[in-house]
Amino acid sequence: MNNKTDVWQGTLALMVLKTIEILGPLHGYGIARRIEQTSGNRLALNYGTLYPALLKLEQEGAIEAEWGVSDNNRKAKFYKLTRAGRKQLEREARNWEQATEILACFLAPENDIV
Amino acid sequence: MKRLRALLRRLTGIFPSQQREQDLAAEIDSHIQMHIDDSVLAGKTREEARREAILTLGGVELTKQAYRDRSTIPFLESLFQDFSFGARQLRRNPGFAVTVILMLALGMAASVAIFAFVDAALIQPLPYPEPSRLVDVAENNTLVPRANISYPDYLDWKKFNTVFSSLDVYRGTSYILSMPAGAQLVTGARVSDGFFHTLGIVPILGRDFYVGEDQPSAPRTVILSYATWRDRFGSRKDILGQTVVLSGLPATVVGVLPLNFRFALSGPPEFWSPLRASNGELNRGSHNWYGVGRLKEGVTVAAALANMTQIAQQLERQYPSSNRGQGASVIMLSEAIVGPVRPILLTLLSGAGLLLLIACVNVASLLLIRSAGRRRETAVRAALGASRSRLIRQFVTEGLLLVTIGTVFGILLAAGAMKVLLHLLSRNMLLRMPYLEGLRFNLHVMAFAAVVALLAAVVFSATPLLGLFTADMRDGLTEGSRVSTGVLWRRLGSNLVVAELAIAMVLLVSAGLLGKSLYRLLRVDLGFQPDHLATLQIAVPFLNYTKPEQATGLTRRIITRVSVLPGVRSAAVTSILPVRALGNGSTIWIRFPGRPYDGKHIEVNSRDVSAEYFVTLQAKLLRGRYFTDEEDLSKPNVAVISESFAKLYFPGEDPVGKFYGDPAFSPGSMRQIIGVVADIKESSLDSETWPTEYLPYNQGPDYSYSLIVRSSQSEQTLLPSLSAAVHGVDPAIGITGETTMSRLIDDSPTASLHRSSAWLVGGFATFALLLSVIGLYGVITYSVSQRTREIGVRMALGAHRGMVYGLILKEAGSLTACGIVAGIICAIGTASVMRSLLFGTQAWDISTLIAITVTLGTAAMFASYIPARRAASINPVEALRAE
């Protein structure tokens, strides 16, 4: 019935950080839309789950929040990356790339393992 | 690092914040608005767009809750909520909260304070190195379980024993110290050379006595107590080598003892001298010394006793005339010191424990009532989705809150109570109990308080749950659910009240018995009139009055001088004041001529008194006459004997004119009985006075004795002029212990111990009575409130007020009766256990039991009269409508 993929455990934070890095300070709705678009609408993202994730990143000091005004003149809370957040993003992105590479080796159709 | 940061942020999130809630609401709202804006732009209607936005979000409330859970630590947050809810509940019902906290604090304070005393006396070790190896060594015989040792016996024990690494002896003494204001009598002790070494005490200044320094041939030396060095010699470092003159004899100061050194003698000695046995003390029959030994590593007390007994038996065979029947006693030193107060302390601790128990039971029943009253609230919360564990946690939290506050107050109260209790003991008593110096709020006491608090916490959290989960929770929502709680309550609550009343009964009866003992003790037949008697202790500087005639002359002059003071009716001296002695005091062995003698010691009390002694005391002469001042060493030896002496040794015959002497019938010892006097209390108040002989002071003068003066005016005001008059005879006379006979009796260790225990247990009992009656009142009041409808129906059917009174009072009466009967049974049991504390009072003293039953019964009926009255004044119409 639903062929969209659920968001994997632990990947949401990475997506959020990457999104903010690319687009700069952004509100929760914007982040959600962007993640959906970037995934080519293949992810089933409950927008609501974004907010606890944002709060967690904020508590850990990776992002900072500030009230501002959106493009269409709505008051909104904007999140931006901190220095610590940037480092966290680099580290996690590297980890993730490594993990996918390793997994890719296992899943490659013609296995080269001697 | 970042985890820690997040944790800290979440911790601060426990406290609810209006700002955060508003922020969250605004953020979610703006999210939805932006989503709607986008969808409208894409051509949807506003209605559709809103629906879609909320759907994609996953629900507004769910999102908010997920956010809130992340913003704090849910468990802690709900705990905080429970606490603040509990606190609000308590604030809403301050009467309940205050009652519970007060009761708990009271029970806690009593038990913790008493425990602090128990800890200081019975738990903390003696303040000497390896105290478990220190033992008290004494001789014993059939009359006295722990009797003083004679010096020659000590020397043999020391030589032949194989169990002690060292064995030493000591005795208290007094010295005349010349002071600018006249000679003063100061406390001292004479010890064998190794005494301090045995205890493990090293002087902080100078040296210990060396081996052999206690021989008469050694130069006279003295070691000072720290207080004496500080107060009399201004803590001068050059005190060593200086000379102090004690009773006219110069001695060199060789050491100063540590500040915290204590040794239980009747008073803390100021001057410690090597013993230097006198000629009299070289006699095997002269028992003057207390022994203290340090056991060799690994030797038990029992093994030491066996070894000493064996040596004592050897000495018995070797010296039958002096050592017949003299065994040995070896007990732990701590036992010798605190043994006498153990029963009292344990009784008090049990009393305090019972009070705590009553307080807890009372609180428990209050909590039970309250939880029953909150069934509907609980049911509503359960219906609204509170889980069972959350509901339990709510009650546990409230219990903990109460216990915490109660404990804080309890500990504060206990600290105060400890101070008050110390003041309750007389100064004299404190000097005899040096271990009370260790009385403070230490780890032991803290641990005890913590255990009590923990137990209270368990009881207080568990009790309301009992009331909560015994019936189906849904019942709480339905009308008329009170019936089931009523049944539960009657079963449990009534049992609790019966237990409470029974405990109160036990405490009241104990207090009654102790009070009666005190009353009996203070009204024991003294054989003399204690009012209007002033006394003081005198030490004659014997170097100036070496001949007996000189001493008797001096004493005559003192008596004459004092007798002419205004208000003085008569004056006399005695070697030991009545009531003053520990046990019986000075005794001697006698033998009657013309009677078979098997060598078994006939031991009687002996007092040297001046001619006016009996007249001054207002004793009662039964036969013959008293001796006169003229009967001195130049006249034949005479004696006045006590009534029990006459009854025991001259049954059915007239003792006047008969003779007796010492066991060897040595020529100087034979004396004729010239009179019989009614028994005078020559022993401590609670011990049996032995048969007593009174010898003329002039026929055997002492160098230290007590002066007794009967005054026609207030004896208290006489004291200063009395001392002045004695010093007027010779300023070198040592004087101490100016006091009145009534105060002497009141302050005697026996009276003090009985008084403090009677007062304390009395205090506990009063609180117990109060608490249990409040408990009963609570139960009956609750019962009336539960039966309002029933009573209304009864009244509507024609029951009149008297019948309603009867109904309620019958319920209260049966509870009270059960409590009292159970209490009497327990009380008699308890009283038999504490029989050693009773004096002249039986454990089943009927008058006390009746008086206490009436008191408790009256108080109980009064407490239940109030709710009964309320029940009787119920308006049946309103009562029936109320449900």
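Modeller: Two residues are in contact if their C-beta atoms, placed from the backbone, lie within 7 Å. The model is predicted, so local features need pLDDT of at least 70 and side-chain atom pairs count only at pLDDT 80 or more, while totals for chains, interfaces and linings use all residues. Residues are numbered from 1 along each chain as its sequence is written, and chains are lettered from A and ligands numbered from 1 in the order in which they are written.

Biologist: Where is Asn323(B) found? And is Asn323(B) buried or exposed?

Modeller: Asn323(B) is found in helix H11 (residues 320-323) of chain B. Helices (H or I, at least four residues) and strands (E, at least two) are DSSP runs, numbered from the N terminus. Asn323(B) counts as buried because it has 23 C-beta neighbours inside 10 Å. The cut-offs are 20 or more other C-beta atoms within 10 Å of its own for buried, 12 or fewer for exposed, and partly exposed in between, with C-beta atoms placed from the backbone.

Biologist: How far are the C-alpha atoms of Asn323(B) and Gln313(B) separated?

Modeller: By 8.7 Å, and the two are 10 residues apart along the chain.

Biologist: Switching topic, which residues other than glycine have a positive phi?

Modeller: Ser235(B) is one of them, with phi near 55 degrees. Arg276(B) is another, with phi near 45 degrees.

Biologist: Where do I look for Ser235(B) and Arg276(B)?

Modeller: Ser235(B) sits in the loop between helix H9 (226-233) and strand S7 (243-246) of chain B. Arg276(B) is in the loop between strand S9 (271-274) and strand S10 (287-295) of chain B. Ser235(B) is exposed, since 12 other C-beta atoms lie within 10 Å, whereas Arg276(B) has 15 C-beta neighbours inside 10 Å and so counts as partly exposed.

Biologist: And what about helix H14 of chain B, which residues are buried there?

Modeller: In helix H14 (residues 375-383), they are Arg375(B), Thr378(B) and Ala379(B). Seen down the axis of H14(B), these buried residues fall within an arc of 100 degrees, so they line one face of the helix. The arc is that of the directions from the helix axis to the C-beta atoms. Just after H14(B), Gly385(B) takes a positive phi of about 110 degrees.

Biologist: Nice. What about Ser494(B), where does it lie and what is it in contact with?

Modeller: Ser494(B) lies in helix H18 (residues 482-522) of chain B. Leaving out neighbours within four places in sequence, Ser494(B) is in contact with Val779(B) and Leu815(B). Ser494(B) and Thr781(B) are 287 residues apart in sequence and 12 Å apart in space, C-alpha to C-alpha. Ser494(B) is partly exposed because it has 19 other C-beta atoms within 10 Å.

Biologist: Now the two chains. How many residues of chain B are in contact with chain A?

Modeller: 22 residues of chain B are in contact with 19 residues of chain A. On the chain B side, the elements that give two or more residues are helix H1 (2-12), helix H2 (18-41), helix H3 (46-57) and helix H4 (60-71). The largest share, seven residues, comes from H2(B).

Biologist: How do the residues on that side of chain B divide?

Modeller: Into six nonpolar, nine polar and seven charged. Here Ala, Val, Leu, Ile, Met, Phe, Trp, Tyr, Cys and Pro count as nonpolar, Asp, Glu, Lys and Arg as charged, and the others, Gly among them, as polar.

Biologist: Last one, what is in chain A, and what pattern does it follow?

Modeller: Chain A has four helices and five strands, and along the sequence it reads β-α-β-α-β-α-β-β-α. Of its 114 residues, 28% count as buried. In chain A, residues 24 or more positions apart account for 51% of the contacts with a separation of 6 or more.

Biologist: Great, thanks for the tour!
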